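I want to note what I look up, entry by entry.

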There are 2 protein chains.
Amino acid sequence: MAQKFEIQILGCGSALPTRKHFPTCQVVNLRDKLILIDCGEGAQLQWRYTGLNWQRITHILLSHAHGDHVFGLPGLLSTMGLLGRTQPLFIHGPSNLQTYLEFMKAHFFADIDYEIQFHAIDTTQHALIFQDRSMEIWSLPLKHRLPCCGYLIKEKPEQRHIRREMIDFYGIPLWAINNIKAGQDWTTAEGEIIPNNLLTTPPSPVRSYAYCSDTSPVMELTKWCEGVDLMYHEATYAETESSLAVKYSHSTTRQAAQIAKEAHAKRLLIGHYSSRYENENLLLQEAQEVFSDTILAHEGLRITP
Amino acid sequence: MAQKFEIQILGCGSALPTRKHFPTCQVVNLRDKLILIDCGEGAQLQWRYTGLNWQRITHILLSHAHGDHVFGLPGLLSTMGLLGRTQPLFIHGPSNLQTYLEFMKAHFFADIDYEIQFHAIDTTQHALIFQDRSMEIWSLPLKHRLPCCGYLIKEKPEQRHIRREMIDFYGIPLWAINNIKAGQDWTTAEGEIIPNNLLTTPPSPVRSYAYCSDTSPVMELTKWCEGVDLMYHEATYAETESSLAVKYSHSTTRQAAQIAKEAHAKRLLIGHYSSRYENENLLLQEAQEVFSDTILAHEGLRITP
């Protein structure tokens, strides 16, 4: 069975608050490591409904320095301090967010017992910004009214899956199992070489998630996110408001869908809805006309790439 | 009929978020002028449920520079800008909040079209900090881990109520009505003086609201708030946690109730509950043992002094 890789939506509204939406925040659970993407106001309040453990947040990825993406950060960071966090937290984002973080820490939670390490992202480069055994995180340059950056999270291959009956058949001891999971063949006491593909099945295919918000359409996303399993792309406006999308450097439904289509994404998740839309089905319908595998984000949604 | 004077609770939790409570925020509606008291994270999200008009907020009163009382401010201020506010906004609070406001404005909403006037409160003085035709606002020095200040809002007397039948009887013209409401007698064409108390009934009694949070017990409050109609006093802890109340400069239920009792308050509203209490009825019960007219605050509560 594939390991955990789940995105949970804590907020998918835009700047003006509505009764339906919180501002942008998502949590990615990849093999029980939690990565927070953006942190709009109320993120820590929404967190309480996830049932997830605050202290498992290892990284926070921030897209840009607009309030609806970062005003929840001070509350979340100070609460983690109050709850006794000691392990370091890595925050990635455009460099202009560092001053904000440092100011808020100095004025409101200077006494926390954990280290906040800020890593400035070059928002003009598509680059690998982090990797460990489970994942790679890549930056995705976006076009907004100030430096802005999306993120592509790619699973790394798991180990091969053991075929229990073959292990038993050849009487392979426990100490050898990890090597076999890693792809090694097995040599019996008689010198017979049992090829690994008789002993294991291939690992589950690796999956990927792209987060693209806030942005005008960036055609390079289709190349950087080629074949992505799930793409979140902002669709702030319906087509009738396309002039506003241009004015405020946002995307329309069809633009988001066109990016997903040309990237050969498996599925598209749209969000960051302008507060003007009472009923978002219009947005869904417009996007689906271009890319049928489109889903509307909503608070509480849990989705696997 | 008495004019509007209503307090609405937007949040009455403390620093750690719970599923039940938002951090502290209240709105006072006094004759359709709105005064916000404290502005914890999510205040602008809660505002949407009040049905009140953002632009009628004339003053924001801040108690102290702890996140659970001010992290909702940047979102609220920038949203009012996005919604086209032009009239100035007056923010009162301890002087250390001015840097915070200025930093956030410069970094996140420098382009708003309204002026924010910050007035630093001397948190050691009980003083009149604002008055207009409808109200007086007084500061209430509190004792917390940093400069902290409560507020006493007193209605000013309304005009006297006209006795319609007497006005008709004496054929008093429209132009004279305002003077009569203000207390003047009426002289008939024959020179007869009709005393004002035949023409009017007294105005409704003036009401008052005291906001006392966060604080250790401050005995002077009983003098400053003598006879107050409604006192909000924090009751972060039950009696069993009284050592924590001392440690963190908060009050217990009984301490809050004792202050209300000695101030001869008509009613006490408690809030700022520690997140440890699943069921706040224990807090209510403890307070009521000292002061029976105690009410538990909860989000959405609307109460008239």
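This is a predicted model: local features need pLDDT of at least 70, side-chain atom pairs count only at pLDDT 80 or more; totals for chains, interfaces and linings use all residues.

**Entry 1: the two copies.** A turn of 180° and a shift of 0.0 Å along the axis bring chain A onto chain B, with an RMSD of 0.1 Å. That is the relation of a two-fold axis. Which residue of chain A comes closest to the rotation axis? I found A:Gly42, whose C-alpha is at 2.7 Å. I then checked the surface that the copies use. Both copies use the same one, since 100% of the contact residues of chain A recur in chain B.

**Entry 2: confidence.** I looked up the scores next. Chain A has a mean pLDDT of 96, and 100% of its residues reach 70 or more. For the model I wrote down an ipTM of 0.91 and a pTM of 0.92.

**Entry 3: where the chains touch.** I looked up the contact between the chains. Chain A puts in 24 residues, and chain B puts in 24 residues. On the side of chain A that touches chain B, helix 1 (43–47), helix 3 (73–82) and helix 4 (97–108) each supply at least two residues. Which helix of chain A gives the most to this side? It is helix 3, with five residues.

**Entry 4: chain A as a whole.** I noted eleven helices and 18 strands in chain A. Its C-alpha trace spans about 75 × 50 × 35 Å along the principal axes. Chain A has 305 residues, and 45% of them count as buried. I also looked at contacts in chain A with a separation of 6 or more. Of these, 63% are between residues 24 or more positions apart.

**Entry 5: the cores.** I looked for the largest nonpolar core and found one of 76 residues. B:Ala210, B:Met231 and B:Leu268 have the most contacts inside it. Strand 3 (residues 33–39) of chain B gives the most to this core, with five residues. A second, separate core has 75 residues, including A:Trp47, A:Ile121, A:Cys148 and A:Ala257. I then went back to B:Met231. Beyond its neighbours within four places in sequence, B:Met231 has contacts that include B:Ala210, B:Cys212, B:Cys225 and B:Leu268.

**Entry 6: helix 10 of chain A.** Which residues of helix 10 (253–262) are buried? I listed A:Thr253, A:Gln255, A:Ala256, A:Ala257, A:Ile259 and A:Ala260. The buried residues of this helix pack against several elements of chain A, among them strand 15 (230–234), strand 16 (267–271) and helix 11 (281–290). Just after helix 10, A:His264 takes a positive phi of about 55°.

**Entry 7: an exposed loop residue.** I picked B:Ala127, in the loop between strand 6 (116–121) and strand 7 (128–131) of chain B. Is B:Ala127 buried or exposed? B:Ala127 has 12, so B:Ala127 is exposed. Leaving aside neighbours within four places in sequence, I found B:Ala127 in contact with B:Asp122, B:Trp138 and B:Ser139. B:Tyr151 is 24 residues away in sequence from B:Ala127, and their C-alpha atoms are 9.8 Å apart.

Entry 8: I checked for cis peptide bonds. One joins A:Ser213 and A:Asp214, with omega about -10°. A:Asp214 sits in the loop between strand 14 (208–212) and helix 8 of chain A. In chain B, a cis peptide bond joins B:Ser213 and B:Asp214, also with omega about -10°. Next I looked up positive phi values. B:Arg31 is not a glycine, yet its phi is about 55°. B:Asp32 is not a glycine either, and its phi is about 70°. B:Arg31 lies in the loop between strand 2 (25–30) and strand 3 of chain B, and B:Asp32 is found in the loop between strand 2 and strand 3. B:Arg31 has 14 C-beta neighbours inside 10 Å, so B:Arg31 counts as partly exposed. B:Asp32 has 11 inside 10 Å, so B:Asp32 counts as exposed.

Definitions and conventions
Residues are numbered from 1 along each chain as its sequence is written. Chains are lettered from A and ligands numbered from 1 in the order in which they are written. A nonpolar core is a set of buried Ala, Val, Leu, Ile, Met, Phe, Trp, Tyr and Cys residues joined through C-beta atoms within 7 Å. A residue is buried if 20 or more other C-beta atoms lie within 10 Å of its own, exposed if 12 or fewer, and partly exposed in between; C-beta atoms are placed from the backbone. Helices (H or I, at least four residues) and strands (E, at least two) are DSSP runs, numbered from the N terminus. Two residues are in contact if their C-beta atoms, placed from the backbone, lie within 7 Å. Copies are superposed by least squares on the C-alpha atoms of residues with pLDDT of at least 70 in both. pLDDT is the predictor's confidence in each residue, from 0 to 100.
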